[in-house]
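This briefing covers a predicted model. The points below are grouped by topic, beginning with a ligand site.

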Amino acid sequence: MTNQYVIGVDYGTDSVRALLVNAHTGEIAGTHVYEYTRWKQGLYCNPNQSQFRQHPLDYLEGLEQSITGALAQAPVAVRQQVKAISVDTTGSTPVAVDERGTPLALLPGFEDNPNGMFILWKDHTANAEAEEINALAHRWDTDFTKYVGRVYSSEWFWAKILHTLRVDAAVQEKAYSWMEHCDWISAVLTGNTTPGTIKRSRCAAGHKAMWHEEFEGLPSEEFLKALDPRLAGLRERLYRNTFTSDEAMGTISTEWAEKLGLPADVTIGVGAFDAHMGAVGAEITPYTFVRVMGTSTCDMLLAPTEEIGHLLIRGICGQVDGSIIPDMLGMEAGQSAFGDVYAWFQRVITEPVRDLLGNEAANELAKNLIPHLAEKAAQLPVTENDPVAVDWFNGRRTPDANHTLKGAITGLNLGSDAPRIFKALVEATAFGSKAIVDRFLGEGVPIKQVIAIGGVAKKSAFVMQTLADVLQMPIKIASSDQACALGAAMCAAVAAGIHPDMATAQAAMGSGFDASYEPRTDVSVVYQKLYQKYQQLGSFIEAATSQHTPVAEAV
Ligand SMILES: Nc1ncnc2c1ncn2[C@@H]1O[C@H](COP(=O)(O)OP(=O)(O)O)[C@@H](O)[C@H]1O
Ligand SMILES: O=C(CO)[C@@H](O)[C@@H](O)COP(=O)(O)O
């Protein structure tokens, strides 16, 4: 049999990577990472206001560079054997587009307007709009939030659209429709971005835009108009149907085939979010909990729709038929800050060093600090009197989204040194994970195994052991350090018809597992007590400092 290759393209927060994979053996023939240049300079962002925007040119340049870079590592003959490309991206990362599906920032007059750019998943400028959506949805005859945990988040599609239309009249005037990053970039590869004609991702639509068959698509025109008259008519200019990632969106355009040096018949798959394709790459099976653990966590759970579909799981980021694997219910949860909590502590320690001793000393310290603290923390006993922290440094994504909540550290004394505080922070992120696991279990969704992928899963044995102890569950680490791109490549292989379904693609192309963490019974017992303290502290913070009442609890 002749070799057949597929390409998975994974757009992360800071960079895009392309993976060139043999569709029959899973052998990696090439890979290349491209860091977004404008983003790297901090352009169009205002972290103090939680505004994070990305320019479409960063994505277009990254598409070309990452794919050609990966192809350059393989023999020239491989190019002619490339059969398909699929793309995953962060989300919800929407952009306003014109009648032809061109992001406004690519049009004259909007080049430097952050409101005409992609609104990155972690942009929280739409907190007020998310609250309005929740309040109206819970009063409406049909609760359109019922399949997204009954809490709509400021990180999602409608909140971002509403906020942008309100603050920017020029964008409101020019925006014909809106697209998720994963839909637009896949459409770009086909040469047709016209809204209304492209195949929109089921994953993006179901988890972030309240799309559901029961609603005959997106929330009703009446609901959207009641939310704000500025939304009138937009539903018609978006989409009715959505598609799973085993389907083809189309064929590569002549322009992109030439640009990338690929054959004219390359299939372009329907896109999806990074974590969902990452779960495919991590060989997810029913009732497996896949955690994408990096800056934040994105947690994926899969179940047969006929077994779990009747449940409405509270406070998660959605339950969507086919968002991970076709004909299965894909469920999403996650923590808004995970590795970011450790990165915060690292900055607290290194910044004064930078000011006093200069960049060289600070950079050297920053490079070694987290592994050093982890080594020291691993030697400490776990006792009931240890400091306890809460992990909501970037708000709480799940359970029960509330991005106004803040983190905390308690139980400090004069002996609380850096390793002890670091240990408390790691435990806090693990307790945040336990809250998610307990929510799924409490709502009747079993978890049979835990698989972890992402930077933290690969880099920190200390974090992963702590997590296993807190969850009281073994955790397997996927071998691939590019599981999202690998999952995209598997989706591409199915979309091109090389494999009949995702399970076959996973079996042929999967990279397996390279480590496993077993819970330690003696430590787990103490952690159950510390977890109770975490919950008490969380309740206190929620009551004392939250600027609003979490909507799921209020209804
Ligand atoms: N040795 C380490 N132990 C624990 N966390 C780490 C370590 N090194 C880096 N991190 C954390 O990993 C996170 C980045 O994860 P990664 O998966 O590489 O990126 P992303 O989430 O952007 O895809 C950062 O938040 C950083 O604090
Ligand atoms: O929220 C989602 C998917 O729903 C992710 O895109 C988001 O967490 C981004 O994660 P990464 O920065 O790519 O690790």
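The shell around ligand 2 is made up of 3 nonpolar, 5 polar and 4 charged residues. For ligand 1, the corresponding division is 4 nonpolar, 6 polar and 2 charged.

**Ligand 2**

- Ligand 2 is surrounded by Gly12, Thr13, Thr90, Gly91, Trp121, Lys208, Phe273, Asp274, Ser296, Cys298, Glu332 and Arg397.
- The side chain of Thr13 has an N or O atom 2.4 Å from an oxygen atom of ligand 2.
- For the side chain of Asp274, the distance from an N or O atom to an oxygen atom of ligand 2 is 2.8 Å.
- Arg397 places a polar side-chain atom 3.3 Å from an oxygen atom of ligand 2.
- Ligand 2 exposes 380 Å² when taken alone, and the protein buries 88% of that.

**Ligand 1**

- The residues around ligand 1 include Gly294, Thr295, Asp340, Tyr342, Ala343, Ile370, Val456, Lys459 and Ser460.
- Gly339, Gly454 and Gly455 are also among the residues around ligand 1.
- A backbone N or O atom of Thr295 is 2.8 Å from an oxygen atom of ligand 1.
- Gly339 has a polar backbone atom 2.8 Å from an oxygen atom of ligand 1.
- In Gly455, a backbone N or O atom likewise lies 2.8 Å from an oxygen atom of ligand 1.
- Taken alone, ligand 1 exposes 580 Å², of which the protein buries 70%.
- Two or more residues of the shell come from each of α12 (339–357) and α15 (455–459).
- Helix α12 gives the most to the shell around ligand 1, with 4 residues.

**Sheet and packed helices**

- Seven strands form an open sheet with mixed pairing, in the order β14-β15-β13-β12-β18-β19-β20.
- Its edge strands, β14 (319–321) and β20 (513–517), each pair on one side only.
- On average, neighbouring strands of this sheet are turned by 25° against each other, direction ignored.
- Strands β12 (residues 288–293) and β18 (residues 449–453) run parallel and are joined by 5 bridges.
- Phe289 stands opposite Val450 in β18.
- Helix α10 (residues 274–281) lies across β12, β13 (297–304), β15 (328–335) and β18, at about 60° to β13.
- Helix α14 (residues 418–442) also packs on the sheet, where it touches β12, β13 and β15; the direction of α14 makes about 150° with that of β15.

**Links between the sites and the fold**

- Asp274, which has a side-chain contact with an oxygen atom of ligand 2 at 2.8 Å, falls in α10 (residues 274–281).
- Gly339, with a backbone atom 2.8 Å from an oxygen atom of ligand 1, belongs to α12 (339–357).

**Cis peptide bonds**

- Gly91 and Ser92 are joined by a cis peptide bond with omega of about 0°.
- Ser92 is in the loop between β5 (82–89) and β6 (94–97), and Gly91 is one of the residues surrounding ligand 2.
- A cis peptide bond also runs from Thr398 to Pro399, with omega near -10°.
- Pro399 is in the loop between β16 (388–390) and β17 (408–410).

**Positive phi**

- Asp400 is a residue other than glycine with a positive phi, near 65°, and is located in the loop between β16 and β17.
- Glu283 has a positive phi near 65° and is not a glycine either; Glu283 is in the loop between α10 and β12.

Note on methods: Residues are numbered from 1 along each chain as its sequence is written. Chains are lettered from A and ligands numbered from 1 in the order in which they are written. This is a predicted model: local features need pLDDT of at least 70, side-chain atom pairs count only at pLDDT 80 or more; totals for chains, interfaces and linings use all residues. Side-chain values use heavy atoms; hydrogens and water are left out. A residue is near a molecule or strand if one of its heavy atoms lies within 4 Å of it. A polar contact is a pair of N or O atoms within 3.5 Å; within protein, one must be able to donate a hydrogen and the other to accept it, and residues adjacent in sequence count only if both atoms are side-chain atoms. Accessible areas come from the Shrake-Rupley method with a 1.4 Å probe; for residues, only the protein chains shown count as cover. Ala, Val, Leu, Ile, Met, Phe, Trp, Tyr, Cys and Pro count as nonpolar, Asp, Glu, Lys and Arg as charged, and the others, Gly among them, as polar. Two strands pair if DSSP finds at least two bridges between them. Axes are lines fitted to C-alpha atoms, for helices over the stretch in contact, and angles run from 0 to 180 degrees between N-to-C directions. Contact means heavy atoms within 4.5 Å.
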